[in-house]
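Try each task first, then read the solution.

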Amino acid sequence: MIRPTFAHVDLEALKSNFRAMTEYLATGARPEPPAIIAVVKANAYGHGAPRVALALEAAGARMVACADIEEGVLLREAGVRVPILIFGALSVSDLDGLFTHDLTPTISTPSAGRALQATAAARDRRLGCHLKIDTGMNRLGFRWDNLGRTLPELLASPNLRIAAVYTHFATADDPDSPLFAEQRLRFERVHDELAGLRIAGRLRHAANSAALLRDERVWYDFVRPGLLLYGVVPPPLATTMPLRPVMTIRSRVTAVKGLRIGEGLGYGVRFTADRPTTMAIVPAGYADGLDTRLANRGCVLLRGRRAPIVGSVCMDMIAIDVTDTDAEPGDEVVILGDQGNDRIDVREMAAIIGTIPYEVLCRVGARIERLYN
Ligand SMILES: *Cc1c(COP(=O)(O)O)cnc(C)c1O
């Protein structure tokens, strides 16, 4: 049984986005274009990590990345075979999964390096890791300007093999911020310094979606896109890549009724009819991820036209004004996606409620069934 409100996840669009990006990366000056580490953390930005990761692997992703060991274990259980990089800080209790499920951890603090060395030694294993350098995000990572002191112990860990070195940009989506260029230069300096510490020639990666659009010089050996693969360009940037949105959310009208002039609607009576008004009820609310700030602001598509969301967003439903449309129960409603010649995309919805597209995608509710093609 499928509820009337569901998300369609277009795996063909996902693969097409992957191919578009591969072609784009091949236009760069590097003799060997960077490979793609496809980011599928947070249940693949709400799209469903198992199916998305398998589709990206089939499309040619050389590696996938997720936030923590638990997410990595789910990917392995789904049958993902390419290397799985764990971005997040490791908590000491869950290190077992690295070995039982063949995951690649990020070492982002000296103490994490010690814990991994001890665990790997106890199992008599040599563990491949990526080393994270903090070049100015000031979140996780070894400080770029203190490596002479912090790295020797890590490099002397006999059971750890540093396969790659990476960093993460704080302001790649802000063309006015000088920090983006500064972080790149710091990362270059780290590269030179690593040669002195006798770990030259490690693979390097740095670019999230925004960074890979902004500057070819940060492509290095791998790029780490998330949002772009889902067909959404990080605002305010633009791209010539022919990307297609991967997720659409649809529902159906469950009831149509009239309001007389002066009558109010819903919790808090946040809408009052100033003309004879026809309302349609759509069974999707904040429990499905529709932000309450869409009240009296957002729109959906119905019969190819925009119908405003009126009154409060409730837990399980919204009301839309269909006075100018002949709506009937059963009519298709598009909450995110195309209908007729119009489209409501993730960027538009995020802008309306004052957030970023990432949050809109990640908050699509667990109750909404994902249907794949
Ligand atoms: C989430 C994440 C990415 C991907 O970011 P997008 O903006 O979605 O491309 C890349 N690298 C790291 C470390 C991340 O946490």
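How many helices and strands does the secondary structure of the protein come to?

**Solution.** The count is eleven helices and 21 strands. Helices (H or I, at least four residues) and strands (E, at least two) are DSSP runs, numbered from the N terminus. Before you go on, note that this is a predicted model, where local features need pLDDT of at least 70 and side-chain atom pairs count only at pLDDT 80 or more, while totals for chains, interfaces and linings use all residues. Residues are numbered from 1 along each chain as its sequence is written, and side-chain values use heavy atoms, with hydrogens and water left out.

**Exercise 1. Describe the protein as a whole.**

Step 1: start with the box. Taken along the principal axes, the C-alpha atoms fill roughly 80 × 40 × 35 Å.

Step 2: look at burial. Of the 373 residues, 53% are buried; buried means under 20% relative accessible area, exposed over 50%, and partly exposed in between (1.4 Å probe, protein chains only).

Step 3: check the surface. The protein exposes about 16500 Å², and carbon and sulfur atoms supply 51% of that. Accessible areas come from the Shrake-Rupley method with a 1.4 Å probe, and for residues only the protein chains shown count as cover.

Step 4: turn to contacts (heavy atoms within 4.5 Å). Among those between residues at least 6 apart in sequence, 66% join residues at least 24 apart.

**Exercise 2. Find out what surrounds the ligand, and which polar contacts reach it.**

Step 1: list the neighbours, meaning residues with a heavy atom within 4 Å. Among them are Val-39, Lys-41, Tyr-45, Phe-87, His-168, Asn-208, Arg-224, Gly-226 and Tyr-358.

Step 2: pick out polar contacts. These are pairs of N or O atoms within 3.5 Å; within protein, one must be able to donate a hydrogen and the other to accept it, and residues adjacent in sequence count only if both atoms are side-chain atoms. Lys-41 has a polar side-chain atom 2.6 Å from a ligand oxygen. For Tyr-45, a side-chain N or O atom is 2.5 Å from an oxygen of the ligand. Gly-226 uses a backbone N or O atom instead, at 2.8 Å from a ligand oxygen.

Step 3: see how covered the ligand is. Taken alone it exposes 390 Å², and the protein buries 93% of that.

**Exercise 3. Follow Asn-208, one of the residues around the ligand.**

Step 1: Asn-208 lies in the loop between β9 (203–207) and α9 (209–214).

Step 2: is Asn-208 buried or exposed? It counts as buried because its relative accessibility is 18%.

Step 3: trace its partners. The Asn-208 side chain reaches the backbone nitrogen of Ala-211 at 3.0 Å. Leaving out residues up to four places away in sequence, Asn-208 touches His-168, Phe-169, Ala-172 and Arg-224.

**Exercise 4. Work out how strand β18 is placed.**

Step 1: find its pairing partners; two strands pair if DSSP finds at least two bridges between them. Strand β15 (residues 277–282) pairs with β18 in the antiparallel sense over four bridges, and Ile-281 stands opposite Ala-319. Strand β17 (residues 305–310) also pairs with β18 in the antiparallel sense, over two bridges, with Ile-309 opposite Ile-320.

Step 2: check the faces of β18 (residues 318–321). Both are covered: Ile-318 and Ile-320 on one side, and Ala-319 and Asp-321 on the other, are all buried.
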